[in-house]
Amino acid sequence: MAPSHVHRLWIVEALAMQLALPSALTLTQRLYQSLRAWIQEGELGAGSALPSSRQLARELGIGRNTVLSAIDRLTAEGFLETRPGAGVFVVEWRAGAVTGTPSAPGAVAATSELSARGQRILDFSAVLSDRFTAFAPGVPALDRFPRERWQRLLRRHHQRAPLEWHDYQHQGGVPALRGALCDYLRLSRSVRCRPEQILITQGAQQGFELIARLLADTGEAVWVEEPGYGGAQSCFVAAGLDTLPLPVDEDGANVNRVPVGTSAPRLIYVTPSHQYPSGATMTLPRRMALLEAAQRHGAWIIEDDYDSEFRYASAPIASLQGLIDDAPVIYVGTFSKVLYPGLRLGYLVLPDALVEAFKRANARLNREGQYVAQAALAAFISEGHFVRHVSRMRELYRQRQARLRRALAPAVARGLVLSAGQAGMHLVAELESLDIETELVARARTAGILLSPLSRYFLQSPGRPGLVLGYAGATETEIDTAGRWLCDAWCALSSREAQ
Ligand SMILES: Cc1ncc(COP(=O)(O)O)c(C=O)c1O
């Protein structure tokens, strides 16, 4: 179909108007964008013919090559086609049932219903705190990290980086970091390892994902602490595993209290040094029972050792992994708590039998990277900055915990139960009812305070009512102010409940 005179005039005039507007784009880009927008919006319908490139160039007063470049690009993207001897035409580009303008707001949302698995992952995801303050759990004192020293190390290692660090890697991480970590873990955590057993990941989370995908099949069971860490649970759900509650008390997780009839586990996830969130330390008999149960079921234990550095009254507890020879344990560590979460560096200590498979699968699924940051971190550790920073933070968090206890003392005197334990980055306050929990959380939000409801840490509803109170990333003033607020709010609500 030859373009009608009116149609031809319309295209030329509309393009002339577009080109007359001020713009930082090249003429070709502006021609391309205008024509593409009109095609997508339906103003140039399927089958419409364009004026010839010669006509367009002449009437717009621009070079023919400029017009041809725009037409070539739209042809390559499938919006236009050249019919030999006839001219250039708009293609029927909307496939069958696809309707709507791609850029129209809401067009994507209307079709993006989550999978059941996707929905479950979201169910596990608490609302994230967008700033570090009282009482966001798990956030370290970001402003105390020695940023200048870190920048210097990054610069130094960036300048020295061998070319292969910019390539695809599959070594399991920078050897210097694996070596430095190995020395540290052997000494401070009694982990049994050689550098070859360490796989550097982008945080503990990526470690959990790898373990879940590589060691368990869809539908197999993973026992997870109840209450427990939702981040790890999301990874298990994402891998299609069946998450089953493993009861926890003041001696840590108890495999002997798993209800009869519970499916045998393929994986068992635990935080033995400092149970998250209750704060319990797993006793030796419980550790031995756990190892025995894992061996009996042919299961792997995932030992998440996320914040052991922060014990204020005693040395860190030795790892479960190092307790016996050939323990069926994968030890998971992270730098998110001791340094900062945005660093995205963590690690697995793998039994020999799994090392090769994990390295290969990680290189395949996640790709290795951040070698400059890894090398800088190795130097941070071997030059002694790591131990210094950890010991400074240990003292700071000890003081902040004491401060929070002082701030809440009037409520404790009236019966509020706070978790014991001189460790970690948070305390747990027990509450008398889920109603009080809900009301405190909602009221706190309007006061700019983040309260994490303990009941959300349970797989089985209704869970136990309480609050998880992170103090490590909150300043002394924030702890005092938010602590006072919580004291008053709890006292008012609990006396109302008692009436
Ligand atoms: C129990 C527990 N494990 C591990 C992590 C660390 O995860 P990542 O290294 O992915 O930041 C956290 C962080 O909140 C945690 O609370």
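Begin with the second largest pocket, whose lining residues divide into 11 nonpolar, 8 polar and 5 charged; here Ala, Val, Leu, Ile, Met, Phe, Trp, Tyr, Cys and Pro count as nonpolar, Asp, Glu, Lys and Arg as charged, and the others, Gly among them, as polar. Before going further, note that this is a predicted model, in which local features need pLDDT of at least 70 and side-chain atom pairs count only at pLDDT 80 or more, while totals for chains, interfaces and linings use all residues. Residues are numbered from 1 along each chain as its sequence is written, and side-chain values use heavy atoms, with hydrogens and water left out.

To find the pocket, select Glu250, Ser278, Gly279, Ala280 and Ser419, which lie nearest its centre among the 24 residues that line it. A pocket is an open set of points, on a 1 Å grid over the protein atoms alone, where a 1.4 Å probe fits, with protein on both sides within 12 Å along at least five of seven lines, and lining residues have an atom within 4 Å of a point. The elements that give two or more residues to this lining are β5 (242-249), β11 (417-418) and β12 (426-430), and β12 gives the most, with 4 residues; strands are DSSP runs of E with at least two residues, and helices are runs of H or I with at least four.

Next, select the ligand together with its shell, which includes Gly203, Ala204, Tyr229, Tyr269, Tyr276 and Arg344; a residue belongs there if one of its heavy atoms lies within 4 Å of the ligand. Now look at the N and O atoms: a side-chain N or O atom of Asp304 is 2.5 Å from a nitrogen atom of the ligand, and one in the side chain of Thr334 is 2.5 Å from an oxygen atom of the ligand. At Gln205, a backbone N or O atom lies 3.0 Å from a ligand oxygen atom. The protein covers 91% of the 400 Å² of accessible area that the ligand has on its own, as computed by the Shrake-Rupley method with a 1.4 Å probe.

The peptide bond from Tyr276 to Pro277 is cis, with omega near 5°, and Pro277 is found in the loop between β7 (265-270) and α10 (284-297).

Finally, select Trp10 and Trp38, whose ring centres are 5.3 Å apart with planes at 55°, so the pair is tilted. Rings of Phe, Tyr and Trp (its six-membered ring) pair if their centres lie within 6.5 Å, with planes under 30 degrees apart counted as stacked, over 60 as edge-to-face and the rest as tilted. Trp10 is in helix α1 (residues 5-20) and Trp38 in helix α2 (residues 27-41), 28 residues apart.

Note on methods:
A polar contact is a pair of N or O atoms within 3.5 Å; within protein, one must be able to donate a hydrogen and the other to accept it, and residues adjacent in sequence count only if both atoms are side-chain atoms.
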